[in-house]
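Hi everyone, thanks for making time.

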Amino acid sequence: IISNHLSFADTPILLSLHPCPMIGKKEAVRVPVIGIVGNVAGNILFDRKDPNDRRRVITETIARIKEVHSIYLFPEGTRS
């Protein structure tokens with residue numbers, strides 16, 4: 001499921017409608033609710049400063065999609 005990241009509200013709203021893991025930056029763990037829920041949901045977090053982390057994220061994403069069939073992706077990366 002692909003969505004632009006428009007506000008702090010979009011992620012909790014989407015997760016309440018259709019709970020599934022998401023791909024996100026490792027800094028998302030520090031956001032109070034998102035960090036806790038993300039750990040439980042099995043979010044895939046990446047380090048934007050480490051270009052070598054991309055291969056791990058791709059491999060892990062393929063494995064998670066096989067398990068849960070859906071995953072959130074916010075390609076814009078930051079809020080508009």
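Let's start with Ser3, which sits in the segment ahead of helix H1 (10–17). Helices here are DSSP runs of H or I with at least four residues, strands are E runs of at least two, and both are numbered from the N terminus. One caution: this is a predicted model, where local features need pLDDT of at least 70 and side-chain atom pairs count only at pLDDT 80 or more, while totals for chains, interfaces and linings use all residues. Residues are numbered from 1 along each chain as its sequence is written, and side-chain values use heavy atoms, with hydrogens and water left out.

Is Ser3 buried or exposed? Its relative accessibility is 17%, so it counts as buried; the cut-offs are under 20% for buried, over 50% for exposed and partly exposed in between, with a 1.4 Å probe and protein chains only. Beyond its neighbours within four places in sequence, Ser3 touches Leu14, Leu73, Phe74 and Pro75, contact being heavy atoms within 4.5 Å.

Now, how many salt bridges are there? Four, each being a side-chain nitrogen of Lys or Arg within 4 Å of a carboxyl oxygen of Asp or Glu. One of them joins Asp47 and Lys26 at 3.6 Å, N to O. That pair links distant parts of the chain, 21 residues apart.

Asp53 is buried at 11%, while Arg56 is partly exposed at 34%.
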